[in-house]
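This report goes through one protein chain part by part. Please look over the sequence and the structure before reading on.

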Amino acid sequence: MKRLILVRHGKSSWGNNLPDEKRPLKKRAYNDAEVVLKTFKEFQSGNLTLWSSHAVRANTTANLFKDEMEIPDDRFTVKKELYTFDESQLLSVIKTCPDNVEILMVFGHNPAMTGLVNRLGDKPIDNLPTTGLCVIDFDLNSWKDIETGKTLLQLFPKNLR
């Protein structure tokens, strides 16, 4: 059994005329992470491995989850390849996950995240919003074999307020 948790980065700021990958989170993103984490922590147990894009907005969001869920440093990796907007490229990176990892949480970017939720899960969505989270289970033993799974949970900040 493999569990993939896809999380789109929190709401980012466009105000500082920074390069895309350097844009920070807006204050709202911290509040959104708090409400999503509150519900997610009731659902999730087990050893999570976290992978994040190196972009500031994704990495900051991932660290909010890492800290709140007390994920050790050795189960947290920043991967430059996750800075992608292409769902096929995102899936290729996920398929490289070692098979000893049972639960992988990935922090990344749209439209790749929404595309992958719809490609892999059985509950389609129009858009994975910022700080939106989707849990998909796969009845298999190897990450390289993931194709279609069962969507267990979709958490969107606006639905949790």
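Does Lys 2 count as buried or exposed? With a relative accessibility of 1%, Lys 2 counts as buried, where buried means under 20% relative accessible area, exposed means over 50%, and partly exposed lies in between (1.4 Å probe, protein chains only).

## Basis of the report

This is a predicted model, in which local features need pLDDT of at least 70 and side-chain atom pairs count only at pLDDT 80 or more, while totals for chains, interfaces and linings use all residues. Residues are numbered from 1 along each chain as its sequence is written, and side-chain values use heavy atoms, with hydrogens and water left out.

Helices (H or I, at least four residues) and strands (E, at least two) are DSSP runs, numbered from the N terminus.

## Salt bridges

The structure holds 9 salt bridges; a salt bridge is a side-chain nitrogen of Lys or Arg within 4 Å of a carboxyl oxygen of Asp or Glu. One of them joins Lys 2 to Glu 102, with the closest N and O atoms 3.4 Å apart. Lys 2 belongs to strand β1 and Glu 102 to the loop between α3 and β4, so this pair ties together parts that are 100 residues apart in sequence. Glu 102 is partly exposed, at a relative accessible area of 39%.

Another salt bridge links the side chains of Lys 150 and Asp 122 (4.0 Å, N to O). Lys 150 is in strand β6 and Asp 122 in the loop between α4 and β5, 28 residues apart. Both ends are partly exposed: Lys 150 has a relative accessible area of 46% and Asp 122 one of 41%. Asp 20, Arg 23 and Arg 57 are linked in a network of salt bridges.

## Arg 3 and its partners

Arg 3 lies in strand β1, which covers residues 2-8. Arg 3 is buried, with a relative accessible area of 18%. Its side chain forms a salt bridge with that of Asp 137 (2.7 Å, N to O). Asp 137 is in strand β5, so the pair ties together parts that are 134 residues apart in sequence. Asp 137 is buried too, at 10% relative accessible area.

The side chain of Arg 3 also makes a polar contact of 3.5 Å with the side chain of Gln 44. A polar contact is a pair of N or O atoms within 3.5 Å; within protein, one must be able to donate a hydrogen and the other to accept it, and residues adjacent in sequence count only if both atoms are side-chain atoms.

Why is β5 described as largely enclosed by the rest of the structure? The reason is that 6 of the 6 residues of β5 are buried. In a regular strand the side chains alternate between the two faces of the sheet. On one side of β5 are Leu 133, Val 135 and Asp 137, and on the other Cys 134, Ile 136 and Phe 138.

Strands pair if DSSP finds at least two bridges between them. β5 runs antiparallel to β1, with 6 bridges joining the two, and Ile 5 stands opposite Val 135. β5 is also antiparallel to β6, through 5 bridges; here Leu 133 has Leu 155 as its bridge partner.

## The nonpolar cores

A nonpolar core is a set of buried Ala, Val, Leu, Ile, Met, Phe, Trp, Tyr and Cys residues joined through side-chain atoms within 4.5 Å. The largest has 26 residues, of which Leu 4, Ile 94, Leu 104 and Val 106 touch the most other members. At least two residues each come from β1, α3, β4, α4 and β5, and α4 gives the most, with 5. Apart from this core lies another of 20 residues, including Ala 62, Ile 71, Phe 76 and Val 135.

Helix α4 is mostly covered, with 7 of its 9 residues buried. Those buried residues pack against β1, α3, β4, β5 and β6.

## Ser 53

Ser 53 lies in the loop between β2 and α2. Its relative accessibility is 0%, so Ser 53 counts as buried. Its side chain makes a polar contact of 2.8 Å with the side chain of His 109. Leaving aside neighbours within four places in sequence, Ser 53 is in contact (heavy atoms within 4.5 Å) with residues including Ala 58, Asn 59, Val 78 and Phe 107.
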